[in-house]
Amino acid sequence: MRVSKRATSAIALSAAVALVATGCSSGDDGDTAASADGAIVVHGVQPENPLVPSNTTETGGGKIVDWLWTGLVEYPNDGGAPRNALAESINTTDSKVFTIKIKAGTKFHDGTEVKAKNFVDAWNWAAYSPNGAQNGTFFADIAGFEQTYTTDPDGADGPKKAPTPTTDKMSGLKVIDDQTFEVTLSAPTAVFPTKLGYSAFMPLPDVFFTMKPEEFGKTKPIGNGPVKFVSWEDNALIKLTRFDDYNLRDKMKVKDVDVKLYQDDNAAYADLLANNLDFMEVVPTSALAGDKWKTDLGDRGRSTVTPSTAFIAFPIYDKRFANPKLRRAVSLSINRQEISDKIFFGTRKPADSWANPLTPGAKPGNCTACKFDVATAKTLLADAGGFTGEMVFYYNSDSAHKDWMDAVAQQVKTNLGIDARAEGVPTFAVFRQNINAHKMTGPYRAAWQQDYPDVENWVNPLFITGGSSNDGLYTNPEVDALAKQASGAPSLEASHEAFAKAVEKVDQDVPSIPIYFYGQQSGHSEKIKKLELNNVGEIDITSVEL
């Protein structure tokens with residue numbers, strides 16, 4: 001399971017959008033001048049991969065991709081439904097064939113015009129499995145995907161390689177003219193237009209197809225968003241600057257954005273307090289006790305809720321974790337309320353469902369494996385044959401996860417008698433590389449920050465066989481069949497009911513463990529006069545005024 005990055009939900013935003021407004025009116029000439037030539041420094045971590053939208057599946061690179069690119073639709077900060085961004089119109093009569101017309105005259109950062117072919121070419125590249133795009137399966141709805149995307153029949157570590165696809169272009173994509181393309185799905189899919197704001201669906205410039213993806217994403221990522229790339233110094237700094245030819249609604253008010261890549265949240269928090277950091281999404285847990293962060297930051301602090309969930313994921317490819325009774329035993333041995341109260345001081349809510357309840361279509365309370373039941377946990381562990389050796393719970397130590405991961409490991413040790421401990425991996429990038437290489441030797445921290453506002457996003461990427469973020473290689477043919485039925489349902493209501501049935505099967509298998517629903521405490525510097533957060537707590541850099 002990955003840490004995802006992009007989402008907005010009409011349901012969640014009314015509670016989650018945060019507006020900071022202090023000082024003079026934004027119409028004041030002095031403030032306007034300060035913003036126009038100003039710069040901000042925001043907290044970040046080293047991205048896992050070079051910045052290619054369809055190969056970026058985690059928050060470190062994900063928020064930067066979201067700033068560098070603009071998609072067909074966007075998810076407003078004000079709580080509204082998804083609306084057109086680069087799309088002029090998205091029309092369908094049957095939820096199977098969509099005619100998409102894009103706005104004329106928009107540009108990539110290299111000055112070339114964004115055309116319909118840039119979407120079609122980008123989607124085909126991502127869906128062609130030999131290219132290795134981690135988001136490739138997001139195009140599974142489109143007719144012809146099965147001919148472009150193949151998987152290893154023996155799994156990632158099997159003796160056979162995936163067969164070569166028969167084509168590198170999906171039959172369901174057709175360029176009509178420079179501003180128009182047609183998408184034919186393999187079955188009616190009501191949620192398809194909602195997905196189109198997710199970064200996997202971003203356009204790529206012609207030059208991308210003349211370069212190695214790694215070179216493009218690391219040295220010259222060219223998007224079509226409100227900021228453009230300047231430079232990237234590993235584990236130190238990513239520099240962005242305003243794209244002056246951007247002509248859509250969300251134009252930048254400040255000029256430069258520096259993303260400072262930290263390895264220690266406490267160091268970042270110290271910079272925030274000293275006004276050397278202009279925005280930090282999540283203050284460290286050390287600042288939560290006694291509401292210390294409120295005292296430290298005053299009106300520079302913000303609290304919000306987000307449609308995001310923290311998980312513990314299992315490497316099911318490791319035979320020691322293949323038994324669902326063992327996985328359920330571990331889950332039932334964890335006291336989520338105690339973690340919420342003692343580690344997060346009530347700022348996180350114990351998870352009791354597989355999809356965050358702020359998500360459209362999510363069913364509250366459907367995680368029976370989330371209960372705290374030590375007696376049943378011990379019985380299940382015995383039925384599973386026990387656990388031999390050390391159970392190490394891994395997390396990335398460049399963000400504030402040590403305390404709660406230590407607590408999880410200690411509870412498993414105390415309640416089940418397993419020799420359990422938590423161990424940090426120095427950087428998020430290395431942590432994610434180990435996960436994607438299927439090299440994890442114990443349960444590990446994961447999270448899901450929804451990519452688009454529908455419960456489908458909490459099932460297909462995570463739990464279907466070969467899903468883009470099914471990192472533990474979980475597979476259940478019944479879940480696959482139910483999810484396929486749900487994806488092709490004629491209405492969102494029917495789709496949500498069918499996904500609920502799939503989740504019932506997931507709940508029995510416990511491929512991962514929901515731990516808590518996110519709350520978020522953020523802070524900004526004194527020079528910020530105004531900013532907005534989207535519902536996943538990321539700073540909307542186009543809203544910032546100094």
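How are α16 and α17 oriented to each other, roughly parallel or roughly antiparallel? In this predicted model, the two helices are roughly antiparallel, because their axes cross at roughly 170° and angles over 145 degrees count as roughly antiparallel.

## Helices α16 and α17

Helix α16 covers residues 477-487 and helix α17 covers residues 492-509. Their axes come within 8 Å. On the α16 side, the contact is made by Glu 478, Val 479, Leu 482, Ala 483, Gln 485, Ala 486 and Ser 487. Helix α17 contributes Ser 495, Ala 498, Phe 499, Lys 501, Ala 502, Lys 505 and Val 506.

By class, the residues of this contact are eight nonpolar, three polar and three charged.

## Helices α10 and α12

The crossing of α10 and α12 is left-handed.

From α10, the contact involves Lys 325, Leu 326, Arg 328, Ala 329 and Leu 332. From α12, it involves Val 374, Thr 376, Ala 377, Leu 380, Leu 381 and Asp 383. Seven residues of the contact of α10 with α12 are nonpolar, one is polar and three are charged.

In soluble globular proteins, nonpolar side chains tend to be buried together. The largest nonpolar core here has 80 residues, and the members that touch the most others are Val 330, Met 391, Phe 393, Trp 404 and Val 412. Helix α13 (residues 402-416) gives the most to this core, with seven residues. A second, separate core has 70 residues, including Trp 69, Leu 173, Ile 222 and Val 259.

What does Val 412 touch, not counting residues up to four places away in sequence? Its partners are Val 330, Ser 333, Ile 334, Met 391, Phe 393, Gly 417, Ile 418 and Ala 420. Among these, Val 330, Met 391 and Phe 393 are also listed with Val 412 as touching the most other members of the largest core.

## Thr 106

Thr 106 lies in the loop between β6 (97-102) and α4 (116-127).

Leaving aside neighbours within four places in sequence, Thr 106 is in contact with Leu 86, Thr 112, Glu 113, Val 114, Asn 247 and Leu 248.

Note on methods: Residues are numbered from 1 along each chain as its sequence is written. Side-chain values use heavy atoms; hydrogens and water are left out. A nonpolar core is a set of buried Ala, Val, Leu, Ile, Met, Phe, Trp, Tyr and Cys residues joined through side-chain atoms within 4.5 Å. Buried means under 20% relative accessible area, exposed over 50%, partly exposed in between (1.4 Å probe, protein chains only). Helices (H or I, at least four residues) and strands (E, at least two) are DSSP runs, numbered from the N terminus. Contact means heavy atoms within 4.5 Å. A crossing is left-handed if the near helix is turned anticlockwise from the far one by less than a right angle, and right-handed if clockwise. Ala, Val, Leu, Ile, Met, Phe, Trp, Tyr, Cys and Pro count as nonpolar, Asp, Glu, Lys and Arg as charged, and the others, Gly among them, as polar. Axes are lines fitted to C-alpha atoms, for helices over the stretch in contact, and angles run from 0 to 180 degrees between N-to-C directions. Angles under 35 degrees count as roughly parallel, over 145 as roughly antiparallel, 65 to 115 as roughly perpendicular and the rest as oblique.
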